[in-house]
Amino acid sequence: MPTKRTAPDFILMIVTFTLLAVGLIMVYSASAVWAEYKFHDSFFFAKRQSLFAGVGVLAMFFIMNINYWTWRTWAKTILIVCFVLLVLVLIPGVGNVRNGSRSWIGVGAFSIQPSEFMKLAMIAFLAKFLSERQKQITSFKKGLVPSLGLASIAFAMIMLQPDLGTGTVMMGTCIVMIFIAGARISHFIYLGLIGVAGFVGLVISAPYRMKRITSFLDPWSDPLGSGFQIIQSLYAIGPGGLFGLGLGQSRQKFFYLPEPQTDFIFAILSEELGFIGGSFILLLFALLLWRGIRIALGAPDLYGSLLAVGIIAMVAIQVMINIGVVIGLMPVTGITLPFLSYGGSSLTLMLMAIGVLLNISRYSRY
């Protein structure tokens, strides 16, 4: 267990707080009209996001001071707890249904989304599993199958809610970690073909997913149905131009783009702050990923490296999927933009993950 500790990565901390501050401003700007109409309080979503941001920051600072090897010790227990929560959320009367998915446990605004916390639990466990079996990872039966099999079970349980977006981010993160740990590329090719077939099966099995694919290819084929969100998102980004319409001046948030404070908040940000504002956010994410990679490379042991890689992969995949959807490069998938989108579980989870990354940075040699 590493013992010699230094100051945490200051740049990573500043970038995180900058993204968080921009996110709080944009949640209010994007949601004010809808919140006033639905709850007669324009600050309804902003206040709740601020509350979760406060809880998340406290958790981040607390975790930042816990030796990351603690997660190695408790990884199995944490994973089991998350699996139990995934089972509980599927029980009618226990799990809450929102937008067609039974993904929440709790009351009202104080609900949690177990699938979000499963992402971090799986990262912690896989980092432990792979670091202890480094020599076996090249073996298909002893290395690849057990690690991917466990992730697939969690993915299947998340899909029962259903939540394709969160499940995709978790599986993508696990695959990156297994690849970095040293798995053979040939094994990934074989499994990739099976994965593609399975993904096609998931799409075909649910008509709404098939509509999302067809609306991605041609949103104008159903402009008032499955293509509505993509079209309205592009209508927001286009007029933004170079400098945007100005903070708070979005037109699409006036009941055109559904719940703009969540998955499509980047569209409102681009409309109000323009290409410059959108590029600034992408630059901040690039800085965050760069610092994370440096921390992973400088970690004192393989467990720390894999843990950092998992966290960075999770953030990177989620950012790519969210922005890819918003700008029309990917089919619509319900996934939040880290630190910016409204969502208590997602925001808290991301800040906790950054806390782990900051702790690893306190022992990294870079």
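This is a predicted model: local features need pLDDT of at least 70, side-chain atom pairs count only at pLDDT 80 or more; totals for chains, interfaces and linings use all residues.
## Surface and charge

Residues are numbered from 1 along each chain as its sequence is written, and side-chain values use heavy atoms, leaving out hydrogens and water.

The chain carries 25 positive and 13 negative charges (Lys and Arg against Asp and Glu; His and chain ends not counted). Their mean positions lie 15 Å apart, placing each charge at NZ of Lys, CZ of Arg, CG of Asp or CD of Glu.

## Fold and dimensions

There are 12 helices and 2 strands (DSSP runs of H or I, at least four residues, and of E, at least two). In sequence order the pattern is α-α-α-β-β-α-α-α-α-α-α-α-α-α. The radius of gyration is 20 Å, close to the 21 Å from the globule rule for 366 residues, so the chain is as compact as a globular protein of that length (C-alpha atoms; 2.2 Å times the number of residues to the power 0.38).

## Core

Of the 366 residues, 52% are buried (under 20% relative accessible area, 1.4 Å probe, protein chains only). The largest nonpolar core has 104 residues (buried Ala, Val, Leu, Ile, Met, Phe, Trp, Tyr and Cys joined through side-chain atoms within 4.5 Å). Met 118 and Phe 339 touch the most other members. Helix 11 (residues 302-326) gives the largest share of this core, 15 residues.

Methods. Buried means under 20% relative accessible area, exposed over 50%, partly exposed in between (1.4 Å probe, protein chains only).
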